[in-house]
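Please give me a brisk structural report on this chain. Cover the charged pairs, the sheet and the surface.

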Amino acid sequence: LISTAEVNLRLPGRPLGEPHLAIHPTRAGHLLGASIVHDPTARLSDSTRARVRCAAFVSTDDGATWQTHLFEVAQCFDPWVAITPDGHAVFTALGRDPKRPEQSDILVVYHSADGGLTWDPQPVSLGRGHDHPMTVVDRSDSKRANWLYVVSSRNARADNGVLRFGLSVSRSRNGGRTFDPPVFLRPTSLMALAETP
């Protein structure tokens, strides 16, 4: 496991973008955030997006203090976090992860067994072609306690060969350690985009 304390970065002068915050459903004061971390020294000629990373931020004291974990995902965007009632957490984002063999943008999922204090070193890949991934915890029934769903827009070819966006849903039944094969939904011939799951 990679300890957040070992990479206690303050990120001075680095603008943050697309923030997202999750609140632990059973532990008051435990907050988990995620954000894009921009490189202020990058210029357009440097292929600015290649120098963008994402980070997770965790606080267990109602936000009085924060620890930061900077992920290795290059060209990172659309970060999202979620925490299950039993304390498992996930960080999802699109980008290029050096630990994955894919060469283009993929949807990566990092898992934490302790609400974001430490992160498993190897991410799960949910594949290419995603946009605007979001994660939600299923709290509807005790049989599905701590299940997670990653919902995103995903492109696929329609019957006529035209590339169209539909919805991809990936389910984890173990707090984000592994995922079932995704379900792809294209309810109409129109473009369908994922919003709040």
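## Salt bridges

Asp180 and Arg173 join their side chains in a salt bridge, 3.0 Å from N to O. A salt bridge here is a side-chain nitrogen of Lys or Arg within 4 Å of a carboxyl oxygen of Asp or Glu. Through shared partners, salt bridges tie Arg171, Arg173 and Asp180 into one network. Arg173 is partly exposed, because its relative accessible area is 47%. The cut-offs are under 20% for buried, over 50% for exposed and in between for partly exposed (1.4 Å probe, protein chains only). By the salt-bridge rule, the count comes to five.

This is a predicted model, in which local features need pLDDT of at least 70 and side-chain atom pairs count only at pLDDT 80 or more, while totals for chains, interfaces and linings use all residues. Residues are numbered from 1 along each chain as its sequence is written, and side-chain values use heavy atoms, with hydrogens and water left out.

Lys99 forms a salt bridge with Glu72; their closest N and O atoms are 2.9 Å apart. This pair links distant parts of the chain, 27 residues apart. Lys99 sits in the loop between β7 (89–96) and β8, and Glu72 in the loop between β5 and β6 (74–83). Strands are DSSP runs (E, at least two residues), numbered from the N terminus. Lys99 is partly exposed at 26% relative accessibility. Glu72 is also partly exposed, at 44%.

Asp105 and Arg96 make another salt bridge, at 3.8 Å from N to O. Asp105 counts as partly exposed because its relative accessibility is 26%. Arg96 is partly exposed at 36%.

## A buried histidine

His111 lies in strand β8 (residues 106–112). Is its position buried or exposed? His111 is buried, since its relative accessible area is 5%.

The His111 side chain has polar contacts with two side chains: His88 at 2.8 Å and Asp120 at 2.7 Å. A polar contact is a pair of N or O atoms within 3.5 Å; within protein, one must be able to donate a hydrogen and the other to accept it, and residues adjacent in sequence count only if both atoms are side-chain atoms.

## The open sheet

Four strands make an open sheet, ordered β2-β3-β4-β5, with antiparallel pairing. Its edge strands are β2 and β5 (67–70), each pairing on one side only. Strands of a sheet pair through backbone hydrogen bonds, either parallel or antiparallel. Two strands count as paired if DSSP finds at least two bridges between them.

β2 pairs with β3 (residues 31–37) in the antiparallel sense, over six bridges. Ala22 stands opposite Leu32 of β3.

## A nonpolar surface patch

Ile23 belongs to strand β2 (residues 16–23). Ile23 is exposed, because its relative accessibility is 58%. With Leu21 and Trp66, Ile23 forms a nonpolar surface patch of about 320 Å² accessible area together.

Patch residues have over 30% relative accessible area and no salt bridge; like charges are joined within 9 Å, nonpolar side chains (Val, Leu, Ile, Met, Phe, Trp, Tyr) within 5 Å. Accessible areas come from the Shrake-Rupley method with a 1.4 Å probe; for residues, only the protein chains shown count as cover.

## Positive phi angles

Gln75 is not a glycine, yet has a positive phi of about 55 degrees. Gln75 lies in strand β6 and is buried at 15% relative accessibility.

Asn146, also not a glycine, has a positive phi of about 70 degrees. Asn146 is in the loop between β11 (130–138) and β12 (147–157). Asn146 counts as buried because its relative accessible area is 16%.
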